[in-house]
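The sequence and the model are shown first, and the description follows.

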Amino acid sequence: LVEKPPTLSLEESLKMERSAQRRRQIIGCAFVERFNPLIRRLYESKKLPNSNAHYVFERIFPFPNQPWYQDNTKSGGPLLDLGIHDFDLLNWIVGRKPEIVKVRENDGIFTSELDFGNCLSATIISGWSRDGKVKNSISFNDVELDAEPLDRERYPTAYKSEINSFVDYILWETKNYPLIGEGIAALDIAIKIKKELTACLG
């Protein structure tokens, strides 16, 4: 069980995946938001639409104090620390790869507009705020699901569920556990967004 993303580059993640396949090993990717109790309930009750909807994910947390996090060459920055949770959630909910429509960055806050086809689109807002702002919410079709109260519930509920589900996957081959391939898919979106931003700035 590895953290998200598996690595900071697609090449390294794909190398890890190939190595595991040769050794017949299973690598799970720790996308804990899939085990967020509210998200899990909505997903399992099929109340999260995969067509004819617009999602807005907003995940903003204070700028980290740790020097390691502040170094984007080590942490990957907010897109790979925060935004990648939402790229994975959407891949999981929708089951299709998105087209990147528009990206922008303003003072460390990244806004990504994605189109998944079949009349489904998403706005992902993620970043580290320097003024201490915290925002953690999900909405679809203008109905907001405020995730903030779930922060308290998440410990230990979500992490315990995540680990138990990984063990169940290994022992009983249960479904719906994010493996390294899904980590690579979310990483691919984040890297494409970073490239789009670099091209715009260049």
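D81 counts as buried, because its relative accessibility is 14% and the cut-off for burial is under 20%. K4 likewise counts as buried, at 12% relative accessibility. In this predicted model, the two residues form a salt bridge whose closest N and O atoms are 3.4 Å apart. The pair links distant parts of the chain: D81 belongs to helix α5, K4 belongs to the segment before α1, and 77 residues separate them.

K4 also takes part in a cis peptide bond, which joins this residue to P5 with an omega of about -15°. P5, too, has its place in the segment before α1.

## Other charged pairs

Side chains of opposite charge can pair when their charged atoms come close. How many salt bridges does the structure hold? The total is 8.

One of them is formed by the side chains of R34 and E182, with an N to O distance of 2.9 Å. R34 is buried, with a relative accessible area of 2%. E182 is partly exposed, and its relative accessible area is 29%.

The side chains of D86 and R59 meet in another salt bridge, at 2.5 Å from N to O. D86 is part of helix α5 and R59 is part of strand β1, so the pair ties together parts that are 27 residues apart in sequence. Both D86 and R59 are buried. Salt bridges with shared partners join E33, R59 and D86 into one network.

## The nonpolar cores

Which residues have the most contacts inside the largest nonpolar core? They are Y55, F57, F87, L90, F116 and I193, in a core of 39 residues. Several helices and strands contribute to this core, and each of the following supplies at least two of its residues: the helices α1 (10-22), α2 (37-44), α5 (77-94) and α7 (180-201), together with the strands β1 (53-62), β3 (109-117), β4 (120-129) and β5 (135-140). Apart from this core lies another, of 6 residues, among them V32, A158, F166 and Y169.

When its neighbours within four places in sequence are left aside, I193 is in contact with L79, F87, I100, V103 and S112. Among these, F87 is itself one of the residues with the most contacts inside the largest core.

Is N91 buried or exposed? N91 is buried, because its relative accessible area is 17%, under the 20% cut-off. Leaving aside its neighbours within four places in sequence, N91 is in contact with R96, P98, F116, A185, A186 and I189.

## Loop residues with positive phi

D107 is not a glycine, yet its phi is positive, at about 55°. This residue is found in the loop between β2 (99-106) and β3. D107 is exposed, with a relative accessible area of 55%.

E173 also has a positive phi of about 55° although it is not a glycine. Its position is the loop between α6 (150-172) and α7. E173 is exposed, and its relative accessible area is 67%.

## Cysteines

How many disulfides does the structure hold? The number is 0. C29 is buried, with a relative accessible area of 0%, whereas C119 is exposed, with a relative accessible area of 60%.

Key
Residues are numbered from 1 along each chain as its sequence is written. This is a predicted model: local features need pLDDT of at least 70, side-chain atom pairs count only at pLDDT 80 or more; totals for chains, interfaces and linings use all residues. Side-chain values use heavy atoms; hydrogens and water are left out. A nonpolar core is a set of buried Ala, Val, Leu, Ile, Met, Phe, Trp, Tyr and Cys residues joined through side-chain atoms within 4.5 Å. Buried means under 20% relative accessible area, exposed over 50%, partly exposed in between (1.4 Å probe, protein chains only). Helices (H or I, at least four residues) and strands (E, at least two) are DSSP runs, numbered from the N terminus. Contact means heavy atoms within 4.5 Å. A salt bridge is a side-chain nitrogen of Lys or Arg within 4 Å of a carboxyl oxygen of Asp or Glu. A disulfide is a pair of cysteine sulfur atoms within 2.5 Å.
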